[in-house]
Amino acid sequence: MGDIPTGAGDNRKPTKLPIAGKRNILITSALPYVNNVPHLGNIIGCVLSADVFARYCRLRGYNAIYVCGTDEYGTATETKALEENCTPKEICDKYHAIHRDVYNWFNISFDEFGRTSAPEQTEVCQAIFKKLLENNWLSENTMQQLYCDKCSKFLADRLVEGSCPTPGCNYDSARGDQCEKCGKLLNPTELINPRCKVCASSPRIRDTDHLFLELPLLEGKLREYISTMSVAGSWSQNAIHATNAWLKEGLRQRCITRDLKWGVPVPLEKFKDKVFYVWFDAPIGYVSITKSYTPEWEKWWKNPENVELFQFMGKDNVPFHTVMFPSTLIGTGENWTMMKTISVTEYLNYEAGKFSKSKGVGVFGNDAKDTNIPVEVWRYYLLTNRPEVSDTLFTWADLQAKLNSELLNNLGNFINRVLSFIAKDPGYNSIVPDAPGAESHALTKVFGDKVGNFVDQYVEAMEKVKLKQGLKIAMSISGEGNAYLQESQFWKLYKEDLPSCSIVMRTSVGVVYLLTCLLEPFMPSFSVEVLKQLNLPLQLSLSDDKGDVAKAKTPWEFIPVGHKIGTPVPLFKELKDDEVEFFRNKFAGSQADRADRAVKEEAEAKKITEKLKNTKITDKSGKKEKPAKSTGEAKTKAAVEQELTISRLDIRVGIITQVEKHPDADSLYVEKIDVGEEQPRTVVSGLVKFIPLEEMQNRKVCVLCNLKPATMRGIKSQAMVLCASTSDHTKVELVEPPASAVIGERVTFSGFSGEPDDILNPKKKVWETLQLDLHTDKDLVACFKDLPFNTSAGVCKVSSISDGSIR
């Protein structure tokens, strides 16, 4: 496999064509309609599921392409254009870009993400139509439709409103296709007192001629295809049930034309003012988008002997892909690549109700990005919650539970324990050790067999497109890895049985690499980060050709002896209860409700800002600072006040990556601390008699980064680690950020903003003055006066020293 693809915005790679002797797999996901922002239900139902399978195929060395794009023609686009007072093309341009950006953020690895409004769509659609016409599968019939004389056009269902004819309803704004109040499906001619949605005038019923696809005449060939391919392709049960329901009702001729302007024009003189109906036009988009990808598109789409077609969609799209589209292709009489496997999802519901694009209910693609919850967490949660056999429910509490227990405490914990132990100095000093005799080490042999069996199960599940099961199996390996570490007691082995410890470590780091492979289809950004920490190239493979699957039983062979790993850092951040409550409230109701709340909150924020100008902050002694004044007197003191503000200090979250005793001073440590810069800083600390060396390694700390560097016994110290001490200085403890705090982020204090000095001027005594107000409170929280040391993951604390001073 090549480099890990990251998303829809990748630079274009060489075009792939089917290769003789290889598995050639063509993957599509239902084309998302372009008149709105996709929500999480749309994303898991179509593009994300297909992306996981496409990535799996590439991981296995199959020759696979994944095509998708926006469905842009039809009534809904024209209606949206009217709402936004622009042209249909402008609507499509706007929402195509939104969809592309959302999918790019979600790391969807399309080989081509196109548009049905492209010229290729017209070419392919009209060519298929002409073949159907030539083969006598089309007929002409007259229909009755509402016509608006003022607008001079037939009105699509959604462009008509009127009173609902259902007894007892009487809703006066029912649409031509459905009443939103009682839910009854309607025909526009059934409405009482119908009116044109554009000009509000009363339309009249008028005859109009349309073209129909004669599905009943194609039923025999269609049934033959379904009975064969549903078995060969292991269609999901929900797909089979939906298809059989249509067949049981009996196939009827279906209209393929519409009285619209925005669509693929019908290439017949009599129908020149009509376009193709979206159900006929949209599935052909898969073919036309492939034509945009390569002029040799027929090698993919007219090559059933060498190409397997896998299609992904939500359950509402099934009949169009198992009945309509296959009938269309069969009717041409050409040698099309027909769908082999269909993977169908049920609905993902949101908290107490349903996701709804029209009502703006739920979390939408752009919302997910704005939460600052990493994309790998979103992908993981949606895929563990994939509605494969029944509807599933998105809740913020469930997202929190899966992140904190499965990603952070299981997967992240296993990887960080392994890499941090290998990185220790003294210890393995980041070098993967040799492990002679691993195959005869009893505990390791049992573990290796378990891992190999899990990988076999993983491959079996993924080949059958059981994505949720594949993910669950991969995560089971991480759980087994944690159990293996605990049972081995590797921390004791290092001192008591170094050869066995080396076997455990080399085996475990091999399993870290294996997990990176298995989870790449699900969380590609996670795999990229782990490969960086392993100091390995961004390439992965799980190919039988290379023996990678069989090798899973001997994971100690994955990483070569002597390989130097990179710097381990935590992979996941805890999601707190207050954050969950914040998101639940933020995304409650519809998007319109949220917009109203935002306006109110902004007004409230202005009031609070005014109040804060007069806020009095209690200092450590219990005295209260006077509020800032806006008079001339206050201005004369401004410079002095500015010099004493806590925002002048550059306190950051750091992690000690290396620590050793100072060669020339028994009481000093020399640490290498990563504070988010290109190179770690060297820091000298007088902590030897307070904190054992092994407890310093890989500790997260608060680091004052803008003190003037000072040379201590021949070594220049470039920062200072903040610690709390008791009043008699007999006990000292590190001030620690939360475990999930981001390395390099700045520690903040509520109500104070501004950039820190580059270097604090020792003559001004800024640090010495501010340090007097740094302390720990009774809850062990580090504070400046009454204000806690804050990070994005929570407050900084000490282990046991309350009311201590910080320096």
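Visitor: What makes Arg206 a charge over the ring of Tyr147?
Guide: Arg206 lies over the face of Tyr147, 4.1 Å from the ring centre. The rule asks for NZ of Lys or CZ of Arg within 6 Å of the ring centre and within 35 degrees of the ring normal. Arg258 does likewise, with its charged end over the ring of Tyr277, 4.3 Å from the centre. Bear in mind that this is a predicted model, where local features need pLDDT of at least 70, side-chain atom pairs count only at pLDDT 80 or more, and totals for chains, interfaces and linings use all residues. Residues are numbered from 1 along each chain as its sequence is written, and side-chain values use heavy atoms, leaving out hydrogens and water.

Visitor: Why is the pair of Trp378 and Phe394 called stacked?
Guide: Rings of Phe, Tyr and Trp (its six-membered ring) pair if their centres lie within 6.5 Å; planes under 30 degrees apart count as stacked, over 60 as edge-to-face and the rest as tilted. Here the centres are 6.1 Å apart and the planes at 10°, so stacked it is.

Visitor: What does that pair tie together?
Guide: Trp378 sits in helix α12 (residues 375–384) and Phe394 in strand β17 (residues 392–394), so parts 16 residues apart in sequence are joined. Helices (H or I, at least four residues) and strands (E, at least two) are DSSP runs, numbered from the N terminus. Both residues also belong to one aromatic cluster, along with Tyr350, Tyr381, Trp396, Phe582 and Phe583.

Visitor: How do you know whether Trp378 is buried or exposed?
Guide: Buried means under 20% relative accessible area, exposed over 50%, partly exposed in between (1.4 Å probe, protein chains only). Trp378 has 0%, so buried is the word. Phe394 is buried too, with 0%.

Visitor: And what kind of pair do Phe421 and Tyr494 form?
Guide: An edge-to-face one: 6.0 Å centre to centre, with 85° between the planes. Phe421 is in helix α13 (residues 396–423) and Tyr494 in helix α16 (residues 490–496), 73 residues apart.

Visitor: Why do Phe421 and Tyr494 get the labels they do for accessibility?
Guide: Phe421 has 10% relative accessibility, so that residue counts as buried. Tyr494 has 29%, so that one counts as partly exposed.

Visitor: How many aromatic pairs does a search of the whole structure find?
Guide: There are 35 of them. As for the chain, 53% of its 807 residues count as buried.
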